[in-house]
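Morning, everyone. I'll take helix packing, then the ligand. Here is the model.

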Amino acid sequence: MTGTPGAAASRDGEAHERSPPCSPSYDLTGKVMLLGDSGVGKTCFLIQFKDGAFLSGTFIATVGIDFRNKVVTVDGTRVKLQIWDTAGQERFRSVTHAYYRDAQALLLLYDITNKSSFDNIRAWLTEIHEYAQRDVVIMLLGNKADVSNERMIRMEDGETLAREYGVPFMETSAKTGMNVELAFLAIAKELKYRAGRQANEPSFQIRDYVESQRQRPSCCSFL
Ligand SMILES: Nc1nc2c(ncn2[C@@H]2O[C@H](COP(=O)(O)OP(=O)(O)OP(=O)(O)O)[C@@H](O)[C@H]2O)c(=O)[nH]1
């Protein structure tokens with residue numbers, strides 16, 4: 001994370017990118033990567049957060065890596081998130097490994113309707129531990145929670161795995177937007193907290209925050 005605004009230009013050309021140093025449009029920046037198997041919904045997740053829209057129809061796999069910026073305000077601090085959308089396909093893995101070490105946070109997605117995407121989470125976590133910074137923030141997300149009739153992975157299985165690795169967890173839907181913004185807000189809050197805690201500011205526990213704020217899909221409200 002860096003506190004120096006105005007440095008890099010984004011591909012989406014947001015005006016705030018070139019703000020003069022005397023009037024920065026954000027206070028902190030943090031790099032976030034979206035990881036997970038091909039087709040779990042990483043690109044849709046990012047577009048839902050950035051534009052509030054869902055891309056339905058033909059699935060076009062990401063080639064290599066791409067990024068978008070969005071500024072969120074948490075507790076009065078403006079955090080610019082630079083969000084990297086990676087290709088889930090195996091053949092792009094060596095390209096994406098190179099980006100892991102600069103990331104402060106990783107959102108690791110599986111698809112609740114696709115068992116192998118869940119089974120591969122352990123392998124993703126092994127890669128993360130190999131290539132990412134030791135203190136990187138990791139969040140596990142079970143995406144496509146809107147497709148309840150095709151569910152293959154129970155919510156409690158996601159929770160158990162997340163607990164085993166000590167990471168926050170929630171189910172999400174890039175289609176309905178359920179918990180999408182919350183995932184990024186929780187990351188931004190954690191980055192702000194790490195950047196410097198103010199006197200009298202209560203400590204922040206990302207797992208507790210996510211657990212208290214997340215919505216549950218209606219099918220799983222009993223879990
Ligand atoms: N119902 C539903 N469909 C989704 C959701 N998220 C993504 N999809 C669909 O899943 C397919 C794959 O979505 P992408 O976002 O392209 O997947 P990806 O993880 O970026 O895939 P790669 O770029 O290959 O790594 C698309 O057909 C999306 O419309 C969701 O939350 N709910």
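**Helix packing and the ligand shell**

Helix H6 (residues 180-195) packs against helix H7 (residues 206-213) at an angle of about 150°, with their axes 10 Å apart. That makes H6 roughly antiparallel to H7, the word for angles over 145 degrees, where under 35 is roughly parallel, 65 to 115 roughly perpendicular and the rest oblique. Axes are lines fitted to C-alpha atoms, for helices over the stretch in contact, and angles run from 0 to 180 degrees between N-to-C directions. Helices are DSSP runs (H or I, at least four residues), numbered from the N terminus.

This is a predicted model: local features need pLDDT of at least 70, side-chain atom pairs count only at pLDDT 80 or more, and totals for chains, interfaces and linings use all residues. Residues are numbered from 1 along each chain as its sequence is written.

Who touches whom? From H6, Leu 182, Ala 186, Lys 189 and Glu 190 make the contact with Ile 206, Tyr 209, Val 210 and Gln 213 of H7. Contact means C-beta atoms, placed from the backbone, within 7 Å.

Next pair. H1 and H6 pack at about 80°, axes 9 Å apart. That makes H1 roughly perpendicular to H6. Phe 45, Gln 48 and Phe 49 in H1 meet Val 180, Glu 181 and Phe 184 in H6.

Now the ligand. Which helix gives the most to its shell? Helix H1 (residues 42-51), with three residues. Of the 22 residues around the ligand, Ser 38, Gly 41, Ala 61, Thr 62 and Gly 88 come nearest. A residue is near if its C-beta atom, placed from the backbone, lies within 6 Å.

Terms used. Helices (H or I, at least four residues) and strands (E, at least two) are DSSP runs, numbered from the N terminus. Two residues are in contact if their C-beta atoms, placed from the backbone, lie within 7 Å.
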